[in-house]
Amino acid sequence: MTLNIDKSYKLYKLLNPFIPEVIENEDIVDFSSTIMNNIIQANEHEKFLHVAMLITGKKLEDFIEIDVNNFIVEMLNCFIENDIFSLIQFYRGLNG
Amino acid sequence: MEELNKQITRKKFKQWFMLDDLKGKVLDCFHSDDNKFSEYIIEYVKMAYEIEDSTMLSDLPWWEIADAFSRASIVNLTTLQLPMLLKRELKKKDIKEVTYAWDYPERTWYFILHQFLYNYKWIPETVENLDVDDALALLQEINISDQLEKEFLYSLSEIAYPYDKARKLNVFKPMERPEWMKEFVKILPPKKVKIRKDMMPVGLIIGSGRNDIEH
């Protein structure tokens, strides 16, 4: 799903606390796994639901249960399609 | 979108001012996690690229808006390093947010316009179409002249010479200047100097951070 500016901003704000300060390896799978681990470690599992809602465009009531594999595939596709590293770079650039 | 690929040039003063104000709002929203961020960034792109029908902008992929915003921001940068525009690190106690009864959101532009009209007796269109660097440099000059005139008037009044009890005389106390008009004082770290051993304090030095030293 291609994100518009509003959704990209919301995605960045959602993921930002879990994005490593220095992204050493621009490998999308490694990066996604780091983000997911950081969310789990922070015990903020509800963020998965928020990300899923954002990248699929579905509403909360549409999610009876999240298929983890589907979610990972959707997230990876979203990251690839939206060039997640450029997205992070743009928003980090606004920081100062 | 075709309009976003066109070459743009730096705006004239009024348009530049409006763009800069919008950019401030974009950044404020970004830092405060405000959802109006996208509304303002789209407004910025619309104004910078003079797009009449902006309904399409919110549906464009994020990178098109981000790229257009970045390019317009760079094109509209000022080239002069004016002290008035340089950020200085202010102490928290020095930051005062004063709201006057006569304030309103769009007042800043009219305040600036008034300064030009009052000092140079120009018509508004002349000010609006000034080059940004010229306008800002002139604005700084207006502020300097204004401050120096105030300082001169202040120096003629009694309040500029408060009584110093210790010296038993009236001493001139300069008028406070805006932060950007103050001279830069660079505080350098103290130089390391060698002290002769016989000049060092005699006896046991306790609490030197190392093991107690005896001279």
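The largest nonpolar core of this predicted model has 41 residues, and Ile41(B), Tyr44(B), Val45(B), Ile65(B) and Phe69(B) touch the most other members. A nonpolar core here is a set of buried Ala, Val, Leu, Ile, Met, Phe, Trp, Tyr and Cys residues joined through C-beta atoms within 7 Å. A residue is buried if 20 or more other C-beta atoms lie within 10 Å of its own, exposed if 12 or fewer, and partly exposed in between, with C-beta atoms placed from the backbone.

**Core**
- At least two core residues come from each of H1 (5-15), H3 (46-56), H4 (68-81) and H5 (84-94) of chain A, and from each of H1 (13-31), H2 (37-48), H3 (62-75) and H6 (132-155) of chain B; helices are DSSP runs (H or I, at least four residues), numbered from the N terminus.
- H2(B) gives the largest share of this core, seven residues.
- Domain 1 (2-75) and domain 2 (83-158) of chain B each provide at least three residues of this core; the domain bounds come from an automatic or database domain assignment.

**Helix H3 of chain B**
- The 14 residues of H3(B) should span 20 Å at 1.5 Å a residue, and its end C-alpha atoms are 20 Å apart, which agrees; the expected span is 1.5 Å times one less than the number of residues.
- Buried in H3(B) are Trp62(B), Ile65(B), Ala66(B), Ala68(B), Phe69(B) and Ala72(B).
- These buried residues line one face of the helix, because they fall within an arc of 165 degrees seen down the axis of H3(B); the arc is that of the directions from the helix axis to the C-beta atoms.
- They pack against H1 and H5 of chain A together with H2 of chain B.
- Leaving out residues up to four places away in sequence, Ile65(B) touches Ile5(A), Ile41(B), Ile42(B), Val45(B), Leu57(B) and Leu60(B); contact requires C-beta atoms, placed from the backbone, within 7 Å.

**Contact between chains**
- Chain A has 14 residues in contact with 15 residues of chain B.
- On the chain A side, H1(A) gives the most, with five residues.

**Positive phi**
- Asp83(A), in the loop between H4 and H5 of chain A, has a phi near 45 degrees.
- Asp83(A) counts as partly exposed because it has 15 C-beta neighbours inside 10 Å.
- Glu50(B), in the loop between H2 and H3 of chain B, has a phi near 50 degrees.
- Glu50(B) counts as exposed, with 11 C-beta neighbours inside 10 Å.

**Conventions**
- Residues are numbered from 1 along each chain as its sequence is written, chains are lettered from A and ligands numbered from 1 in the order in which they are written.
- In this predicted model, local features need pLDDT of at least 70 and side-chain atom pairs count only at pLDDT 80 or more, while totals for chains, interfaces and linings use all residues.

Note on methods. Contact = placed C-beta atoms within 7 Å.
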